[in-house]
Structure formats: structure tokens, C-alpha cells
Amino acid sequence: MRDFQKSNRSISYSSNGMVATSHPIASIVGLDILKKGGNAVDAAIAMALVLPICEPQSTGLFGDVFAIIKPSDNDNFVGINGSGKAPKNISPDTLRQKFQFAIPEDAVETITMPGAVAAFESLNRKFGKMELSDLCQPAINYSEKGVIVSPRVAFDWSHSFNNLKKYSKKFYSNNGKPFLAGDIFKSSGQYEVLKKIAKFGAKGFYEGEVAKDFIDSLIELGGVYEEDDFSSVTVEYVDPCKAKIGNCELFEIPPNGQGLTAILILKILEKLEVCKLDAMCAKRVHLEAEAAKIAYLARDNFIADTKFYDLDYDIFMSDEKINSYVNLIKEDKVSDFNKILDFTPHKDTVLLTVVDKNRQMISLIFSIFNSFGSGYCSKKYGILFHNRGAGFNLKKGHPNEIIGGKRPLHTIIPAFLKEDKKFLMPFGVMGGQYQANGHARLISNLLHHNMDIQSAIDFPRSFPFNGLLNLENGYNTDIASKLQKIGHIISRPDQPIGGAQAILYDLKKDILMGGSDPRKDGCALGY
């Protein structure tokens with residue numbers, strides 16, 4: 001039982017259905033859909049559609065989606081890849097001449113096709129009960145009448161306000177300034193686009209006036225986009241990757257997502273026996289950081305769109321490879337794995353989970369990558385363009401080299417954790433590059449350190465990235481000092497690291513337990 005004198009959250013409990021999102025309005029919308037007879041997929045779509053109004057810095061209609069679904073009548077997990085491709089006329093040679101080594105994250109060339117709306121329509125047709133037009137109504141209502149800006153959204157808005165460029169300053173500023181907590185944000189442009197989706201389905205987004213607005217705006221920015229790039233957007237159903245972690249099975253989305261990265265971190269941590277360490281000790285942070293650095297190097301070298309090359313899954317899954325990685329980790333010293341492994345090195349998001357009364361379940365993640373995406377939006381409707389193409393590189397022959405019609409490496413990853421006859425848990429962790437490390441930390445908290453779902457989410461986070469070890473304020477100066485002494489360069493980030501949502505279904509008691517990250521404004525709600 002938690003200490004009720006401390007400022008943390010209780011687990012949410014329910015027996016019928018439950019939703020967990022990063023914004024309370026979205027959670028209320030999802031719960032309302034469940035009460036009206038919609039299923040988990042219906043609720044997820046309705047919540048996802050309203051989140052671009054609630055959290056425009058984190059997601060948008062011109063974004064990408066991945067999801068894993070467990071149908072109500074079986075445990076055959078189904079994944080959907082709703083990530084868009086690079087426009088067919090993109091030229092890697094031209095980009096190398098223009099940028100040399102990497103595409104800047106705010107360049108028009110990072111704007112790949114948006115897969116989210118196509119994914120929502122496909123999910124609705126395959127798994128939903130309600131009409132897509134009805135699921136659009138909450139978002140239509142809030143885009144017209146407005147949403148009161150919540151504290152974390154206001155914090156992010158101010159922090160990333162300078163990312164806004166050109167027309168986006170008109171649509172996403174309040175008289176030239178960031179929206180503050182308590183301000184009301186409306187979006188007449190999203191209102192019009194959502195009405196077209198409600199009436200015409202995905203065609204209302206990828207064709208006609210909306211697509212013309214996208215193409216005209218992108219060409220004005222110097223892009224090479226055509227009508228066929230939008231009208232040919234498709235989604236793909238995939239089999240999730242599966243790995244044994246302790247007594248559980250972890251299900252992750254396959255490449256071009258980075259789910260294998262989370263699996264690799266966890267497999268290394270098991271070999272290092274982190275379960276024997278104190279959850280808060282410096283040694284645990286160090287070993288996790290070293291495992292993450294190896295896994296991210298493997299990701300950057302190998303994970304890409306497997307339609308364009310054959311991935312060797314042994315790099316992430318085989319005991320032989322994992323043992324070789326473990327042998328490189330020093331318990332009392334930071335290692336330079338770039339040299340040892342000879343791997344070639346190679347942001348904002350919303351994650352929601354739902355379980356309904358019939359035990360259909362979904363983990364869905366929806367993103368425009370960086371905060372406010374590319375920073376650009378369409379001229380007429382003000383739809384923010386994501387910058388997922390920043391996941392590509394310009395290295396000739398690299399698995400993740402940008403090529404027309406190819407999907408980029410994606411950071412966003414939904415997931416499920418399962419233990420036979422005990423529990424099922426749709427979950428996910430937001431936070432750009434952190435997400436794979438975040439999955440590993442959350443599962444390690446649950447399985448290695450016996451935390452409950454809310455405590456596992458609340459627990460302080462660390463993340464090694466770009467040569468720094470980022471430590472949240474939950475780690476004291478003593479732990480930071482110990483980590484510095486063995487070679488870590490400590491950074492105290494000015495933002496919390498990521499966010500998480502999870503719903504644990506207790507199979508024996510037939511009850512739902514929800515956790516929602518206090519680093520965001522949201523909540524887990526059930527009935």
C-alpha cells in the first residue's frame with residue numbers, strides 16, 4: 001500500500017471498462033464512448049481525434065499511428081502500422097548535396113505522408129462498432145467551442161513556442177504569445193477538416209480541398225509532394241514481435257518501429273540481474289544506461305523499413321548476441337560502445353490505452369514527432385505537419401537511408417505485457433527517443449522490483465542520450481555524484497522525461513487497474 005502522506009497517485013480501479021490518456025478531456029471522451037456501447041477501439045479513435053485539440057504540441061491529424069489490439073474473443077494480438085512514407089519524388093542524392101550528412105529536423109524534406117487518419121478509418125472498419133462519423137463528433141465539438149489549456153500543455157507550449165514557423169504562428173499563438181494555463185484554444189481549421197473526415201472518411205483528408213491545402217502549402221515550402229502521395233496512403237497490419245521477459249511475454253510493434261530496442265534492453269538487464277539491486281541505487285541507473293546505449297546503437301544501425309532490406313533479428317533477440325553485449329558492460333566504468341561494437345550511429349507524442357467490458361484491448365500511440373512537429377502547418381486549415389522523416393539518414397546504402405516510398409525509423413511504440421492466467425497489460429511510454437528505454441524501465445519496475453502499476457509509472461527516470469546521462473529530480477545529488485565518479489556526464493533536464501499510460505487486467509479477479517503519468521495532465525478513468 002502506498003504512503004498516503006506522500007504526493008503521489010493511487011491506482012484507478014474498475015470492473016467494466018477503463019481508459020488512460022495524457023489529458024482528462026480525452027479520458028472523459030473515451031469513457032463516454034464506452035458507456036454508450038462503443039468498444040475499446042471506438043474509444044481509442046475518439047480519444048485520439050480529440051487529442052490534437054487538447055495537446056496540439058504533441059500530436060495532430062497530420063501524424064502517424066501505431067497500435068496493438070487484443071480482440072475480445074481471443075489473445076491473438078494484432079498490430080497496425082499507420083506510419084507514412086516519404087514522397088515518391090524525394091531524391092537522396094539531391095538531399096546529400098543540399099545537407100551533406102543529415103536532414104535538419106525542421107526541413108520540409110522531413111515531412112513524410114501522414115498515416116493516422118487512414119489508420120483510424122481502417123481500425124474502425126476492422127474492429128469498431130460505432131460509425132466513424134460519430135467518433136469524430138467530440139473532436140468536432142471541442143475544436144469549435146475550444147479546450148481550456150491545461151498546466152502541462154501550457155508548459156510545453158511555452159517551452160516549444162519558438163518551433164512555430166510561418167502560418168503556424170497564426171494558428172497556434174494567442175495574440176503572438178504562447179497559450180497559458182486557463183486560456184481557451186479553438187481551431188476552426190481542424191473543425192472543418194474533422195467535419196470532412198466525418199462525412200467522407202479518410203478520403204475527406206487525403207483527397208479534395210484538404211489534400212490540396214497540404215500540397216499547396218508543402219510546395220510553397222519547397223517540397224516535392226503530389227496528389228498521388230496522399231491518395232495512395234495505406235496502412236499495414238503486422239504481427240507484433242514477441243519476447244519472453246521473466247515469466248511474461250512482451251509484445252512490441254516490429255520495425256520500422258523501435259520495439260526491438262526495448263526488448264534488447266530488457267534482455268540485457270535480465271542477464272545483469274538488476275532484480276537483485278535496490279530500485280533507486282546508482283548501480284541500477286548505470287547498468288540500465290549501458291544497456292540502453294548498446295540497444296540504441298543497434299537500433300540506429302539496423303532498424304528501418306523491412307520492405308527495403310532483410311533485418312537480422314538475432315541482433316536483438318539471440319542469447320549469443322546478448323551475452324556478447326553483456327560481457328562488454330563494466331559495473332564500475334562507463335564504456336564507449338561506439339568503438340567496441342563497431343556499430344554505425346545513425347519526441348512529442350500521445351499514448352492511450354483502453355480496455356472495454358468485453359475485454360477488447362488496445363494500446364495506441366499517435367505523434368507528430370517533435371513538439372509542434374516540423375513547426376510548419378497548412379496555409380488554409382492550419383494542420384501541423386509532422387517531421388517523421390527526421391528518422392531517416394543520408395548515408396548511402398544504410399538500411400534507413402531516405403528513399404521515396406519508404407517509411408522512416410519510428411520512435412513511437414505501443415506494447416502489451418502478458419503473464420498467463422495472471423494479467424494482460426496494454427501500455428506505452430511517450431517521450432520521443434526515450435520510449436524504448438521507457439518501456440524497459442516500466443517493465444523492470446514491475447517485474448524486477450515488484451512495483452504496482454502506478455508506482456512503476458511514477459518512479460524517477462534516467463536516460464542516456466547524446467553523451468549525457470539525463471537524471472530527473474527524483475534522483476538525489478548522492479546518486480548523481482556516484483554516477484559522475486564512474487564516468488557519466490550528468491544532465492538535469494528542464495522537462496520531465498516522457499510520460500506513460502497503462503491498464504492492467506487482473507485475470508483472476510476480473511478487475512482493471514489503471515495508471516497514468518503525473519508528468520502529464522491526464523488520468524485513468526473506469527466505470
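Which residues is tyrosine 505 in contact with, leaving aside its neighbours within four places in sequence? I opened the notebook with that. The model I am reading is predicted.

**Entry 1: tyrosine 505**

I looked up the contacts of tyrosine 505. Leaving aside neighbours within four places in sequence, they are Arg359, Met361, Lys422, Phe423, Leu424, Asp510, Ile511 and Leu512. I then placed the residue: tyrosine 505 is found in strand S17, residues 499-506. I noted its relative accessible area, which is 10%, so tyrosine 505 is buried. Next I took a distance. Methionine 425 is 80 residues away from tyrosine 505 in sequence, but their C-alpha atoms are 6.1 Å apart in space.

**Entry 2: isoleucine 69**

I turned to strand S3, residues 64-70, where isoleucine 69 is found. Is isoleucine 69 buried or exposed? I found a relative accessible area of 0%, so isoleucine 69 is buried. I listed its contacts, leaving aside neighbours within four places in sequence. They are Val41, Asn76, Phe77, Val78, Ile80, Leu123, Phe127, Met361, Ile362 and Phe416. Met361 also stands in my list for tyrosine 505. Isoleucine 69 and threonine 112 are 43 residues apart along the chain, and 25 Å separates their C-alpha atoms.

**Entry 3: serine 22**

I went to the loop between strand S2 (18-21) and helix H1 (24-35), where serine 22 lies. Serine 22 has a relative accessible area of 1%, so I wrote it down as buried. What does serine 22 touch, not counting residues up to four places away in sequence? I read off Leu51, Glu55, Val350, Leu351, Met430, Gln501, Lys520, Asp521 and Gly522.

**Entry 4: helices H2 and H5**

I compared two helix axes. Those of H2 (residues 40-54) and H5 (residues 132-145) come within 8 Å and cross at roughly 25°. Angles under 35 degrees count as roughly parallel, so H2 is roughly parallel to H5. I noted the crossing of H2 and H5 as right-handed. From H2, the contact takes in Asp42, Ile45, Ala46, Leu49, Val50 and Ile53. From H5, it takes in Leu132, Leu135, Cys136, Pro138, Ala139, Tyr142 and Ser143. I sorted the residues where H2 meets H5 by class and got 11 nonpolar, one polar and one charged.

**Entry 5: helices H12 and H17**

I did likewise for H12 (residues 259-271) and H17 (residues 435-447). Their axes come within 8 Å and cross at roughly 45°. H12 and H17 are therefore oblique to each other. H12 passes H17 in a right-handed crossing. In H12 I found Thr261, Ala262, Ile265 and Leu266, which meet Ala436, Asn437, His439, Ala440, Ile443 and Ser444 in H17.

**Entry 6: helices H13 and H19**

At what angle do the axes of H13 and H19 cross? I found roughly 50°, with the axes coming within 9 Å. H13 covers residues 282-302 and H19 covers residues 477-485. The two helices, H13 and H19, are therefore oblique to each other. Their crossing is right-handed. H13 brings Ala282, Val285 and His286 to the contact, and H19 brings Ile479, Lys482 and Leu483. I counted four nonpolar, one polar and one charged residues there.

**Entry 7: cysteines**

How many disulfides are there? I found zero. A disulfide is a covalent bond between the sulfur atoms of two cysteines. The cut-off is 2.5 Å between the sulfur atoms. I looked up two cysteines to see why they form none. The closest cysteine sulfur to that of cysteine 248 is in cysteine 275, 13 Å away, too far for a bond. For the sulfur of cysteine 275, the closest is in cysteine 281, at 12 Å, which is too far as well. I also checked accessibility. Cysteine 248 is buried at 1%, whereas cysteine 275 is partly exposed at 42%.

**Entry 8: positive phi**

Most residues other than glycine have a negative phi. Lysine 166 has a positive phi of about 50°. Lysine 166 sits in the loop between helix H6 (151-159) and helix H7 (168-171), and at 41% relative accessibility it counts as partly exposed. Phenylalanine 369 has a phi near 70°, also positive. Phenylalanine 369 is found in strand S11, residues 361-369. At 3% relative accessibility, I noted phenylalanine 369 as buried.

Note on methods. Residues numbered from 1 in each chain as written. Predicted model: local features only at pLDDT ≥ 70, side-chain atom pairs only at ≥ 80, totals over all residues. Heavy atoms only, no water. Axes fitted to C-alpha atoms, helices over the stretch in contact; angles between N-to-C directions. Helix = DSSP H or I, 4+ residues; strand = E, 2+ residues; numbered from the N terminus. Parallel < 35°, antiparallel > 145°, perpendicular 65-115°, else oblique. Left-handed = near helix turned anticlockwise from the far one by under 90°. Contact = heavy atoms within 4.5 Å. Nonpolar A, V, L, I, M, F, W, Y, C, P; charged D, E, K, R; others polar. Buried < 20%, exposed > 50% of the residue type's maximum accessible area, 1.4 Å probe, protein only.
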